[in-house]
Amino acid sequence: SSLAGGGSQPRGVCSRKRAFQIARSFLPILEWLPNYRVKEWLISDVISGVSTGLVATLQGLAYALLVAVPVGYGLYSAFFPILTYFFLGTSRHISVGPFPVVSLMVGSVVLSMAPDDNFLIDGSNATGTNGTGTLIDTESRDAQRVLIASTLTFLVGILQVIFGVLQIGFIVRYLADPLVGGFTTAAAFQVLVSQLKIVLNVSTKNYNGVLSIIYTLIETFEKIGTTNIADLTAGLLTIFVCMVVKEINDRFKHKIPIPIPIEVIVTIVATGISYAADLEKKYNAGIVKSIPRGFLPPEPPDVSLFSQMIAASFSIAIVAYAIAVSVGKVYATKYDYAIDGNQEFIAFGFSNIFSGAFSCFVATTALSRTAVQESTGGKTQVAGIISAGIVLISIVALGKLLEPLQKSVLAAVVIANLKGMFMQVFDVPRLWRQNKVDAMIWVFTCVASIILGLDLGLLAGLLFGLLTVVLRVQFPSWGGFGNIPGTDIYKKVKDYKNVIEPEGVKILKFSSPIFYANIDGLKSSLKSTVGFDAVKVYNKRLKALRKIQKLIKKGKLKATKNGIISEPGINNEAFETDEDPEDNEDLQVPTKEVEIQVDWNSELPVKVNIPKVPIHSLILDFGAVTFLDIVAVRSIKTIIREFERIDVRVYFASYQDNLISQLERSAFFDDIVRKDIFFLTVHDAVLYIRNQMTYSDNQDPIFEKVRISSSTFPFLLPSSVHSCNFHYSMARLKTRHRAVVQIK
């Protein structure tokens, strides 16, 4: 019993340890919070949290304009997501909350599902009007838009949790850096256009879908005469001041301990001016008007809307995750810790589910806000939770003070924060120099996102990026290789001056897996490397032999065991035009079966243009071939037979280990195609071919069979290492493809 009892305790310990490991993987706070250095980190986190909270408050208000909901809901979106990410997130530095690109994507869904036209009412019941005098029930419209935004946020959260549970965080790998750069630049342009009408205080329709940005620009400039000067002045001054101070922050970041919170300063000043000058009444300026105090009770999502927003929610979930993870990885690398991609999916998923219940819109991270949190000394997510406390104070107590603030100032703050994304345009020339395909992906994604909208543009850019991968695999690099003298190293002939191709041998390297889509590319590269078409050569030789057979039958030529000779006193009428119609009759050779040897590279007694074959061996370097499909296996076997019948031996070198078993499963090997044509390196194959040629030169039995003067019959020559030697049994040429080929 003591042994049993002694054995049970370790099992209990192991189970508790395992349970703690599982809990720690799901709640990363259990890993970093116990190791929190209070004396070293707390003051830095407090300073960082306060600075970030002020910026988050202002950005929450500003980005609500992109979602087309009342600005007060932006404060909720800057508060609630932080609470859950504090427990579930693995990044210690990112500032969780709204981001302009994601906010604009949410806003496009909101505007498409709840346009102004759905809320037109009679004048007696109107609570608001648009610029053209059409009466709109703004209260009902805003309530519906908030419901749509929160429902979309809830659905995005569900998708992100599913992605995390299914361990498919790798999906973000398909969003390559050039694609993300082009997409975010296009999104910045979309944000600029959407905020332009707010800076001008020009009323336009809300366009969505293809070319919506063009329609918005056209209508904005058509109505530019109605611009509110007070709003325009405030917006331009805000943009100028913010961009100048941000530039100062960047240039002197090593000398300034804390970046100047210019957005907060500008907002406070603009609010005071607007309140003191009463800009709304005197100049009809557009102001925030109403910011709710306190919190709204949680509400369930409208599940009936899921079917209408599932496609958009998928793209938003991926983009929001990709932005957060990419920013998080930058700071994780800088501070030497790791973030878990799948756990990040789960963390943002639960954050969006939780915040969606409190009328928020989708959360990710903002580059500028995260930079503030890190540059002001933030060490952990304690800074994030303190920033949430600052937002909480704004929601509970300070919101009322911001009601006189002009909307154009908020729009200007959004525009000023787009500088970093617009600067990505200068990446294109560098990308073009480094990799033209990546530059094309960047430009295509950017243009597609501007024209088609962010959701369709992202999909188009993703498909274009995948297409470039397919094309690069379908048309890979290839080339003939030669030997660097005195070494066993082989390099591409076109790229190096001093490489020498082995005599009578061609070496081809195909740098790609071989499958049904690029097998034609392999065939064409083979033709370019060897300089002839094996099938055409074979057919031309058969045609020449049929003509010789005709002449033998007519008595113009005579076949003997010593070769082919002309009858005495008979003119040789063998030179027939190559365009003569071929006789398909089954010709009988009126001679005994004799073996003759033909040098196909010399002049023949018939006028048939036969391509020269200057090689006797072909080596295929498969070092870069990772897999073959069944179409490729069959095609390669056909290629081997095509070259074998024109006396060119095919060898394989530098193959991957898995290819042999793959070829065995595909029934590649038989009596003709054997494993002895495979070599570990190209040099091994070249040495083997040289030995074979030397042995063939010394042991060739044809020297005993054929003794004919090359001056009398130049097309009948002795065998040599450098000639292509074929032995055709003339009596077997009754059908087109029954020439007997023996390799010498």
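Helices (H or I, at least four residues) and strands (E, at least two) are DSSP runs, numbered from the N terminus. By this assignment Gln-373 is found in helix α14 (residues 367-375).

This is a predicted model, in which local features need pLDDT of at least 70, side-chain atom pairs count only at pLDDT 80 or more, and totals for chains, interfaces and linings use all residues. Residues are numbered from 1 along each chain as its sequence is written, and side-chain values use heavy atoms, with hydrogens and water left out.

Gln-373 has 1% relative accessibility and therefore counts as buried; buried means under 20% relative accessible area, exposed over 50%, and partly exposed in between (1.4 Å probe, protein chains only). Leaving aside residues up to four places away in sequence, Gln-373 touches several residues, among them Ser-48, Arg-92, His-93 and Gln-381. Contact here means heavy atoms within 4.5 Å.

Strand β9 (residues 617-621) is largely enclosed by the rest of the structure, because five of its five residues are buried. Ser-617, Ile-619 and Asp-621 cover one side, and Leu-618 and Leu-620 the other. In a regular strand the side chains alternate between the two faces of the sheet. The pairings of β9 are listed below; two strands pair if DSSP finds at least two bridges between them.

| Partner of β9 | Sense | Bridges |
|---|---|---|
| β5 (residues 505-510) | parallel | five bridges |
| β10 (residues 649-653) | parallel | five bridges |

Lys-509 stands opposite Asp-621 in β9, and Leu-620 stands opposite Phe-652 in β10.
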